[in-house]
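I set out to record what I looked up in this structure, entry by entry. The entries follow the order in which I consulted the features.

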Amino acid sequence: MSVAYALEKIWGPHLSQRELEVGRLVVAGYSTQKIAETLFISENTVKTHLRNLFRKTKTRSRIELYRKLVESGVAAPSLRTFGESLPDRFEPLFAELTAGRDGGACITAVVMQLEFQKDERPADPPEGIVDLLATFIRQRDHLFPWKEGLYLLVLPGSDRASSLDVAERLVRKLQRWAQLKGLMVRAAVGTAALNEGAGTAESVVELAARRLKSIHLNS
């Protein structure tokens with residue numbers, strides 16, 4: 001059973017028709033801009049529907065909504081939700097690294113979700129965030145801006161445990177930077193070794209996304 005169908009089955013009576021339409025596109029991996037174009041509404045209107053959708057489903061983000069639907073047992077997880085539309089440079093890098101002698105055993109992919117708030121309301125990511133994140137990682141690491149609010153990191157020579165430590169330090173540095181701009185950060189991180197899952201770029205990213213867990217940051 002699809003994740004989109006599960007959304008309607010579980011929360012359909014509590015959501016408006018437009019919230020359902022937005023929700024179906026969200027769990028299909030559409031960005032805010034793409035949802036607006038598909039439904040012929042403004043991005044601000046999409047954001048309003050998203051706030052209502054998250055409030056009614058008691059979730060705080062797209063991936064949390066997806067994960068809650070899958071964990072309900074009503075929906076089967078779909079690789080197409082998070083494994084599709086990978087950044088252009090990610091798959092060639094994945095192939096190059098997994099072809100190495102260690103087969104990716106000590107190379108970890110990190111899915112990082114970042115959400116910003118101002119005065120307890122969702123806010124757009126600050127300009128320059130990608131360049132800032134890049135200054136916090138090693139020269140041999142790779143950072144890929146991905147879907148809205150999502151970033152992919154590839155950390156050669158790092159296992160899952162050390163990758164989580166790296167990601168948490170990165171998020172804490174980002175938090176201090178965001179506070180100077182009057183913003184708060186919500187973050188979640190999930191990891192998967194490149195030789196896990198079905199051995200494809202899509203399956204590794206999907207596995208990392210399923211493992212997303214919030215990082216609790218002190219104000």
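I counted a contact wherever heavy atoms lie within 4.5 Å.

**Entry 1. Basis.** I worked from a predicted model, in which local features need pLDDT of at least 70 and side-chain atom pairs count only at pLDDT 80 or more, while totals for chains, interfaces and linings use all residues. Residues are numbered from 1 along each chain as its sequence is written, and side-chain values use heavy atoms, with hydrogens and water left out.

**Entry 2. Asp-141.** I placed Asp-141 in the loop between α8 and β3; helices (H or I, at least four residues) and strands (E, at least two) are DSSP runs, numbered from the N terminus. Asp-141 counts as buried because its relative accessibility is 8%. Leaving aside residues up to four places away in sequence, Asp-141 touches Val-154, Leu-155 and Pro-156. I also found a polar contact of 2.7 Å between the side chains of Asp-141 and Arg-138. For this term I required a pair of N or O atoms within 3.5 Å; within protein, one must be able to donate a hydrogen and the other to accept it, and residues adjacent in sequence count only if both atoms are side-chain atoms.

Entry 3. Strands β3 (residues 142-145) and β4 (residues 150-156) run antiparallel and are joined by four bridges; strands pair if DSSP finds at least two bridges between them. Pro-145 has Tyr-151 of β4 as its bridge partner. Four residues lie between the strands of this hairpin, and Gly-149 takes a positive phi near 80° there.

**Entry 4. The chain as a whole.** I noted ten helices and six strands. The chain has 219 residues, of which 46% count as buried. Among contacts between residues at least 6 apart in sequence, 69% join residues at least 24 apart. The chain exposes about 11,300 Å², with carbon and sulfur atoms supplying 50% of that area; accessible areas come from the Shrake-Rupley method with a 1.4 Å probe, and for residues only the protein chains shown count as cover.

**Entry 5. Nonpolar cores.** I took a nonpolar core to be a set of buried Ala, Val, Leu, Ile, Met, Phe, Trp, Tyr and Cys residues joined through side-chain atoms within 4.5 Å. The largest has 24 residues, and those with the most contacts inside it are Met-112, Leu-114, Phe-116, Ile-129, Leu-133, Tyr-151 and Leu-174. Two or more residues each come from β1 (107-118), α8 (129-135), β4, α9 (160-179) and β5 (184-193). The largest share, seven residues, is that of α9. A second, separate core of 23 residues includes Phe-90, Phe-144, Trp-146 and Leu-194. Residues up to four places away in sequence again excluded, the contacts of Phe-116 include Ile-129, Leu-174, Leu-183 and Val-185.

**Entry 6. Salt bridges.** I found six salt bridges, each a side-chain nitrogen of Lys or Arg within 4 Å of a carboxyl oxygen of Asp or Glu. Arg-18 pairs with Glu-21, the closest N and O atoms being 2.7 Å apart. Both lie in helix α2 (residues 17-27), three residues apart, about one turn of the helix. Arg-18 is partly exposed at 30% relative accessibility, as is Glu-21 at 25%.

Lys-56 pairs with Glu-19, with the closest N and O atoms 2.9 Å apart. Because Lys-56 lies in helix α4 (residues 43-57) and Glu-19 in helix α2, this pair ties together parts that are 37 residues apart in sequence. Lys-56 is partly exposed at 28% relative accessible area, whereas Glu-19 is buried at 5% relative accessibility.

Arg-172 pairs with Glu-168, the closest N and O atoms being 3.1 Å apart. These two are four residues apart in helix α9, about one helical turn.

**Entry 7. Positive phi.** Phe-40, not a glycine, has a positive phi near 60°; Phe-40 sits in the loop between α3 (32-39) and α4 and is exposed at 74% relative accessibility. Lys-58, also not a glycine, has a positive phi of about 55°. Lys-58 lies in the loop between α4 and α5 (62-71) and is exposed at 68% relative accessibility.

Definitions and conventions: Buried < 20%, exposed > 50% of the residue type's maximum accessible area, 1.4 Å probe, protein only.
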